[in-house]
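I opened this entry to note what I looked up, beginning with the ligand and going on to the helices and domains.

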Amino acid sequence: MTDLILHHYDGSPFSEKVRLILGFKGLAWKSVKVPVMLPKPDVVALTGGYRRTPFLQIGADIWCDTALMARVIDTLAPKPALYPHAAGELQHLVAQWADSTLFWTAIPYTMQPAGVAHIFEGAPPEFLKAFGADRAAMTAGMRRLTTADAAVQLLSYFGWLESQVADGRPFLMGAQPCIADFSVAQSLWYVRRAPPVATILAPFQKLIGWYERVAAFGHGTVEKMTSADALDIAARTTGHVPAKVEPGLGFDAGEAVTVMPTDYAPDPVAGALVGLTAHEVVIERRDERGGLLHVHFPRIGYQVKKVSTETT
Ligand SMILES: N[C@@H](CCC(=O)N[C@@H](CS)C(=O)NCC(=O)O)C(=O)O
C-alpha cells in the first residue's frame with residue numbers, strides 16, 4: 001500500500017480519534033506534524049486553504065475531515081470493521097453528535113483556567129495570546145458555552161454514556177468497537193489531558209473502563225516524516241484515486257467550485273470539480289510545490305458552491 005500520511009499535532013482531539021482508528025486497524029503510517037495555529041503554509045499547499053486538523057494524504061490525494069478519513073481507512077483496511085453491521089445505523093448518529101456537540105462541550109470545559117494552566121504549562125504568554133486570537137477568529141460567530149454550562153452538560157452526557165455501558169457491554173454499541181467509540185473517545189481523551197479538571201469523570205467509572213479499552217488500541221506503527229517530504233511525494237505522484245461526478249446532483253464535471261466547512265473555519269478551497277456523490281466531493285487544484293492535487297471532503301458539514309463567472 002502507498003504510504004498513509006497523517007498530518008496532525010499531538011494535542012488535537014480529532015487527530016487522536018484517527019490515531020486510535022489507525023491503531024485499531026493495526027496500520028503503519030507516516031506522521032507529519034502541523035502547526036497548531038495559522039500560518040500553515042505547508043498545510044495550505046496541500047489542502048488549498050482548509051486549515052483544520054488532521055488531514056490524510058496518500059500520494060497526491062488529500063482527505064479532509066475525520067468522518068471521511070475514517071471511511072477511507074476502513075476501505076483500505078476492512079478488517080476489523082469500523083462500521084460493524086451489529087452496531088446498527090445509530091453508530092453514525094452517535095459519532096456525529098460526539099464530533100460536534102460533545103466536542104464543543106468538552107473543549108470549553110477543559111479550557112477553563114485550571115485546564116489551560118495544565119495543558120499549556122510553561123508556554124510563553126505571547127503563545128497563549130496568539131493561540132486564543134487564532135481560535136477566536138476561527139470560531140467567529142459561534143456561541144461558546146461558559147465553563148458552568150459546559151460542566152453541567154458534560155455531566156448529562158457522561159451520565160448517558162455511563163448508563164449505555166452499565167450492562168457490561170465492552171463498547172458503546174455492543175460487543176464490537178465501531179465509529180461511535182472513536183468519536184466519543186476523543187473528547188474523554190481531551191478532558192483527561194488536564195487532570196485538575198478531569199475530576200468531572202470520577203463518578204463514571206464504567207465509562208472510564210470503556211475509554212481505557214478504546215485507548216488500548218494504541219496508534220499503530222508510526223514513522224516521522226517532514227511536511228517537505230510529504231509535499232515532494234505529492235508532486236512526484238502521477239494519477240489519483242478514481243473519482244467521478246455523478247449526474248443529478250446539480251453540478252457538472254470540470255466546473256469551478258469552492259468547498260468549505262459550514263460550522264467553523266470556513267476557509268473556501270477552490271478547484272475544478274472531479275468527483276461528486278451524495279457522500280463525497282473531490283476537487284482538483286494545482287500547487288506550485290505539491291503539483292496536481294485531488295482534495296476530498298465529505299458532503300455532510302460542507303458547502304459546495306459554483307464559482308460565479310458572471311461579470312457585473
Ligand atoms: N469536522 C472536523 C473537525 C476538525 C477540527 O475541528 N480539528 C481541530 C483540532 S482537533 C482544529 O482544526 N483546530 C484548528 C487547527 O488545528 O488549526 C473533522 O472531523 O476533522
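**Around the ligand**

I looked up which residues surround the ligand and found S12, P13, F14, M37, R51, R52, T53, D65, T66, A67, D99 and M138, a residue being near if its C-beta atom, placed from the backbone, lies within 6 Å. The elements that give two or more residues to this shell are α1 and α3, where helices are DSSP runs of H or I with at least four residues, numbered from the N terminus. I sorted the shell into five nonpolar, three polar and four charged residues, with Ala, Val, Leu, Ile, Met, Phe, Trp, Tyr, Cys and Pro counted as nonpolar, Asp, Glu, Lys and Arg as charged, and the others, Gly among them, as polar.

I kept in mind that this is a predicted model, in which local features need pLDDT of at least 70 and side-chain atom pairs count only at pLDDT 80 or more, while totals for chains, interfaces and linings use all residues. Residues are numbered from 1 along each chain as its sequence is written.

**The two helices**

I then looked at α1 (residues 13-24) and α3 (residues 66-76), which pack at an angle of about 10 degrees with their axes 10 Å apart, the axes being lines fitted to C-alpha atoms over the stretch in contact and angles running from 0 to 180 degrees between N-to-C directions. That makes α1 roughly parallel to α3, since angles under 35 degrees count as roughly parallel.

**The domains**

Lastly I noted domain 1 (5-79 + 222-306) and domain 2 (107-215), with bounds from an automatic or database domain assignment. Their C-alpha centres lie 25 Å apart.

Note on methods: Angles under 35 degrees count as roughly parallel, over 145 as roughly antiparallel, 65 to 115 as roughly perpendicular and the rest as oblique.
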